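Subject: Structure handover

Hi,

Here is the structure we talked about. Please load it before reading on; my notes follow below.

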Amino acid sequence: MEEQGRRSLLLWDQWVEAAISRLESLKLLRSLRPIHVTKEEEDDDDYQVFDEMQPFDRTSVEISISQSTFLTWLHENDHVPTSSGDDEVNLGRKDENFKRLLLFSGNDYLGLSSHPTIRKAAAKAALQVGMGPRGSALICGYTNYHRLLESSLADLKKKEDCLLCPTGFAANMAVMVAIGSLGSLLASGENDEKIAIFSDELNHASIIDGIRLAERQRTIQVFVYRHCDMSHLESFLSSCSLKKKVVVTDSLFSMDGDFAPMAELVKLRKKYGFLLVIDDAHGTFVCGINGGGVSEDFNCEEDVDICVGTLSKAAGCHGGFIACSKRWKQLIQSRGRSFIFSTSAPVPVMAAAHAAVIVAKKERWRRREIWNRVREFRNLTGIPITSPIISLIVGSEDKALKGSRHLLKSGFHVTAIRPPTVPPNSCRLRVTLTAAHTAEDIKKLISALSCCLDLKDMSSNSSIVYAKL
């Protein structure tokens, strides 16, 4: 069976090559032509790094909100008059009262958004070239700054190449649409075989929307398997007669905080020869010795065919990317509509993101610290969390809102996650830990949580906690 899987994987290279040839014959193959803008030559040693937490790190978790925003939050869904947001234009005036909060709901996992090296990189690029050429990447928005960042991300992910997208959402959309287009490009008659896409039921909305858009091409057949259920996935794979198979999954799920079973996925890939696509948005820079993400952590980088990521979470910047082979990059940049028809990211953002890649790789202590916080939370509460994303499911929307308000009064920014982000009756408090948090922060948060949730009633196999409020 593994020999059959190996042959199927080799066929994927042939299929992509054939699709590219078809695009070329139709004069639809697109290429990127970098515009050179002023940039001083620098090597990695020119970027300042630190070996422990600095005072500036706290600015990524210590925030303030206006009194009007505070009151609006407290009375949300209470059917009482609250701020419409119009008064927020006066934020920053000297007579405004502010409420200081400790942020436990962001995705800045390493605290890099406040790093001086990254800030300097953005400022330097802005002073030298402004925002850079404004246009889509295929027109004039692709520069030497963008290319440098792509190269550094390809190296981080151990892939041949990388394609930058304006957001992680756009990156997933582009990948799924490009996969769908492969079917139409290879079509030769009415009975052409479709592409089978197998998707985890809790995949990110960008993957789901990308698949829906790909379905409009009528070249794919979709199978949704139960969350991380490899037996269910294999039952689909074994009974599917379609040759072209794709499995797509989040690597670290954003709302539940659990990992995809990478080892089992790799075994199934070898057995069935499917294309493996992962969305490593929450794993990139957080997992792995070098910050290479979940595939580095599970030692399966070569088994992941396409890795989608973001620069707006642990990198502390903005943007998305697709790490893949050169062939796949050509196909996606020629058929991925969310890439083709979006304006490219500004040069200062690309400069900051490149600096973030270097800093994240060098400052390994940040990954050590965030995983220390995970262990501390697990040891103090007994809740078997496995990542910096902690999903405290309370059930109803009312309970989630009350819990969030209690934490707000206690000085913590933790939002209630409600439909449509999560299914009905699975509303939750989503807590995220970062390298900028301290052990003392964790203790204070747990103390506040204990006043509104029965943390001790959480069983070792359950993600449901019971609200006291």
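Two rings of Phe, Tyr or Trp count as a pair if their centres lie within 6.5 Å, with the six-membered ring used for Trp. Ring pairs of this kind link Trp12, Trp15 and Trp328 into a cluster. Keep in mind that this is a predicted model.

Aromatic pairs

The count comes to seven aromatic pairs. One of them joins Phe198 and Phe223, with 4.9 Å centre to centre and 15° between the planes. Planes under 30 degrees apart count as stacked, so this pair is stacked. Phe198 sits in strand β4 (residues 195-200) and Phe223 in strand β5. The two are 25 residues apart, so the pair links distant parts of the chain. Both Phe198 and Phe223 are buried.

Helix packing

Two packed helices are described by the angle between their axes and the distance between the axes. Here, take helix α3 (residues 116-129) and helix α13 (residues 347-362). Their axes come within 8 Å and cross at roughly 150°. Angles over 145 degrees count as roughly antiparallel, and α3 and α13 are therefore roughly antiparallel to each other. The crossing of α3 past α13 is right-handed.

Which residues of α3 and α13 meet? From α3 come Thr117, Ile118, Ala121, Ala122, Ala125, Ala126 and Val129. From α13 come Val347, Pro348, Ala351, Ala352, Ala355, Ala356 and Val359. By class, this contact has 13 nonpolar residues, one polar and no charged ones.

Backbone points to check

Most residues other than glycine have a negative phi, and most peptide bonds are trans.

- Arg218 is not a glycine, yet has a positive phi of about 60°. Arg218 lies in the loop between α7 (205-215) and β5 (220-225). Its relative accessible area is 70%, so Arg218 is exposed.
- Asn425 has a positive phi too, near 65°. Asn425 is found in the loop between β12 and β13. With a relative accessible area of 64%, Asn425 is exposed.
- The peptide bond from Pro419 to Pro420 is cis, with omega near 10°. Pro420 is found in the loop between β12 (416-417) and β13 (427-432).

Best wishes

Technical notes
Residues numbered from 1 in each chain as written. Predicted model: local features only at pLDDT ≥ 70, side-chain atom pairs only at ≥ 80, totals over all residues. Heavy atoms only, no water. Helix = DSSP H or I, 4+ residues; strand = E, 2+ residues; numbered from the N terminus. Buried < 20%, exposed > 50% of the residue type's maximum accessible area, 1.4 Å probe, protein only. Axes fitted to C-alpha atoms, helices over the stretch in contact; angles between N-to-C directions. Parallel < 35°, antiparallel > 145°, perpendicular 65-115°, else oblique. Left-handed = near helix turned anticlockwise from the far one by under 90°. Contact = heavy atoms within 4.5 Å. Nonpolar A, V, L, I, M, F, W, Y, C, P; charged D, E, K, R; others polar. Phe/Tyr/Trp six-rings, centres within 6.5 Å; stacked < 30°, edge-to-face > 60°.
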